[in-house]
Amino acid sequence: MKQIILDCCNDVLFIFGGEESGITSEVKDYVPTFYAWHGSKTKEYHDVDEMMEDPFFGGKSITDLIGKVDFAFA
C-alpha cells in the first residue's frame, strides 16, 4: 500500500465507519504532498510514513485498515 501511495499515480478510495475516505497525492517540484479525507475531514501530509500511521480515519490508521477494508484505486 505504501508503494502505491508513493507512486503518486493512484488515488486510494475506501469506506470506513460509513464514511467515504481516501488518499490522493500531488507532486510539485518533485516533492509529493499527500491528502487524506474521511467524511468531511481532510488532512495534509508531507511524509508518507506519518500518513500511514496517523489514526486519522475514525481512530484508525491506514496501516490498521489494511486487510480490514476494501481499497479501490483510481
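The accessible surface of this chain comes to about 4600 Å², and 50% of that belongs to carbon and sulfur atoms (areas come from the Shrake-Rupley method with a 1.4 Å probe, and for residues only the protein chains shown count as cover). Keep in mind that this is a predicted model: local features need pLDDT of at least 70, side-chain atom pairs count only at pLDDT 80 or more, and totals for chains, interfaces and linings use all residues. Residues are numbered from 1 along each chain as its sequence is written, and side-chain values use heavy atoms, with hydrogens and water left out.

**Overall layout**

- The chain has three helices and five strands; these are DSSP runs numbered from the N terminus, with helices (H or I) of at least four residues and strands (E) of at least two.
- Going along the sequence, the pattern reads α-β-β-β-β-α-α-β.
- A compact globule of 74 residues would have a radius of gyration near 11 Å, and the chain agrees with its 11 Å (taken over C-alpha atoms; the globule rule is 2.2 Å times the number of residues to the power 0.38).
- Along its principal axes, the C-alpha trace spans about 35 × 20 × 20 Å.

**Burial, contacts and charge**

- Buried residues account for 31% of the 74 in the chain; buried means under 20% relative accessible area, exposed means over 50%, and partly exposed is in between (1.4 Å probe, protein chains only).
- Of the contacts with a separation of 6 or more, 37% come from residues 24 or more positions apart; a contact here means heavy atoms within 4.5 Å.
- On the charge side, there are 6 positive and 14 negative side chains, and the centres of the two sets lie 6 Å apart.
- For that count, Lys and Arg are positive and Asp and Glu negative, while His and the chain ends are not counted; the charge is placed at NZ of Lys, CZ of Arg, CG of Asp or CD of Glu.

**The aromatic cluster**

- There are three aromatic pairs, using rings of Phe, Tyr and Trp (its six-membered ring) with centres within 6.5 Å; planes under 30 degrees apart count as stacked, over 60 as edge-to-face and the rest as tilted.
- One of them is Phe14 with Phe71, an edge-to-face pair at 5.1 Å centre to centre with 65° between the planes.
- Phe14 sits in strand E1 (residues 12-16) and Phe71 in the loop between helix H3 (62-65) and strand E5 (72-73), so this pair ties together parts that are 57 residues apart in sequence.
- Phe14 and Phe71 are both buried.
- Phe56 and Phe57 also pair edge-to-face, at 5.1 Å centre to centre and 80° between the planes.
- Phe56 counts as buried at 14% relative accessibility, and Phe57 counts as buried at 1%.
- Ring pairs join Phe14, Phe56, Phe57 and Phe71 into a cluster.

**What Phe56 touches**

- Phe56 lies in the loop between helix H2 (48-53) and H3.
- Leaving aside residues up to four places away in sequence, Phe56 touches Ala36, Trp37, His38, Lys41, Thr42, Lys43 and Tyr45.
- Take Trp37 from that list: Phe56 and Trp37 are 19 residues apart in sequence and 8.4 Å apart in space, C-alpha to C-alpha.

- Asp29 is in the loop between strand E2 (19-28) and strand E3 (31-38), and its phi is near 55°, a positive value in a residue other than glycine.
- Asp29 is exposed, with a relative accessible area of 65%.
- Tyr30 lies in the loop between E2 and E3 as well, with a positive phi of about 70° although it is not a glycine.
- Tyr30 counts as exposed at 80% relative accessibility.

- Ser25 is in strand E2 and counts as buried at 18% relative accessibility.
- Beyond residues up to four places away in sequence, Ser25 touches Ile5, Cys8, Asp11, Thr33 and Phe34.
- Ser61 is in the loop between H2 and H3, and counts as buried at 2% relative accessibility.
- With residues up to four places away in sequence not counted, Ser61 touches Met52, Glu53, Asp54 and Pro55.
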